[in-house]
Amino acid sequence: MNDVTTPTFRLSDVPSNFALCLNADCPLSGQCLHYIVRTMIPEDELILHVYNPEAVKGGEDCEHFRNQTPVRYAYGFEGMQANMLPRQYAMFMDILIAHFSRNSYFVRRRGGFPMPPREQELIREVLKQVGADPSMEFDRYKDRINWTD
């Protein structure tokens with residue numbers, strides 16, 4: 001078994017129904033959120049949400065591996081509008097509204113929702129698509145645990 005890295009989060013930070021991994025022999029168990037959280041669960045916890053040990057073999061190609069290292073989340077992209085032509089921004093907004101929905105687009109634009117790296121990549125791709133500079137920065141950033149990707 002790999003030594004489990006000291007967590008950079010509290011058990012109260014873990015999303016409800018976050019699946020746990022029981023595979024102590026996995027070479028990545030020391031860095032995987034699914035295993036690290038399992039080591040934090042109190043012994044008297046009666047019901048657990050776990051991956052089927054027969055179905056999850058672990059290792060380098062494990063599709064369920066979640067690294068405990070915090071990643072850079074972005075908040076808001078209102079500042080991007082000032083650096084786009086009106087037509088570019090109109091196309092940018094239309095594409096992202098079609099992807100996220102109208103309300104979700106505006107929540108993200110004003111910084112009310114943390115955008116994981118995959119959403120940041122999507123926004124950068126849309127910037128390229130409309131002819132704007134894809135290296136523009138988001139309004140702010142914060143390092144967080146990525147529980148979902």
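**Close-up views of a predicted model**

**View 1. The buried side of helix α5.** The buried residues of α5 are Glu119, Gln120, Ile123, Val126 and Leu127, where buried means under 20% relative accessible area, exposed over 50% and partly exposed in between, with a 1.4 Å probe and protein chains only. Because these residues cover an arc of only 120° around the axis, they fall on the same side of α5, the arc being that of the directions from the helix axis to the C-beta atoms. On the other side of α5, Glu121 and Gln129 are exposed. The model is predicted, so local features need pLDDT of at least 70 and side-chain atom pairs count only at pLDDT 80 or more, while totals for chains, interfaces and linings use all residues. Residues are numbered from 1 along each chain as its sequence is written, and side-chain values use heavy atoms, with hydrogens and water left out.

View 2. Helix α5 comprises 13 residues (117–129), which at 1.5 Å a residue should span 18 Å, in agreement with end C-alpha atoms that are 18 Å apart; the expected span is 1.5 Å times one less than the number of residues. Helices (H or I, at least four residues) and strands (E, at least two) are DSSP runs, numbered from the N terminus. The cover over the buried residues of α5 includes β1 (71–75), α2 (78–81), α3 (86–100), α4 (102–109) and β2 (140–144), with contact meaning heavy atoms within 4.5 Å. Just after α5, glycine 131 takes a positive phi of about 85°.

**View 3. Aromatic pairs.** A search of the whole structure finds seven aromatic pairs, for which rings of Phe, Tyr and Trp (its six-membered ring) must have centres within 6.5 Å, and planes under 30 degrees apart count as stacked, over 60 as edge-to-face and the rest as tilted. The rings of phenylalanine 9 and tryptophan 147 have centres 5.1 Å apart and planes at 80°, so this pair is edge-to-face. Because phenylalanine 9 lies in the segment before α1 (33–40) and tryptophan 147 in the segment after β2, the pair ties together parts that are 138 residues apart in sequence. Phenylalanine 9 counts as buried at 8% relative accessibility, and tryptophan 147 is buried with a relative accessible area of 13%. The rings of tyrosine 89 and phenylalanine 92, with centres 6.0 Å apart and planes at 35°, form a tilted pair. Tyrosine 89 and phenylalanine 92 both lie in helix α3, three residues apart, about one turn of the helix, and both are buried. Ring pairs link Phe77, Tyr89, Phe92, Tyr105 and Phe106 into a cluster.

**View 4. Arginines over aromatic rings.** The charged end of arginine 108 sits over the ring of phenylalanine 100, 4.2 Å from its centre; the criterion is that NZ of Lys or CZ of Arg is within 6 Å of the ring centre and within 35 degrees of the ring normal. Arginine 108 lies in helix α4 and, at 10% relative accessibility, counts as buried. Leaving aside neighbours within four places in sequence, arginine 108 is in contact with Gly76, Phe77, Phe100, Phe113, Met115 and Glu119. Arginine 144 lies over the face of tyrosine 73, at 4.9 Å from the ring centre.
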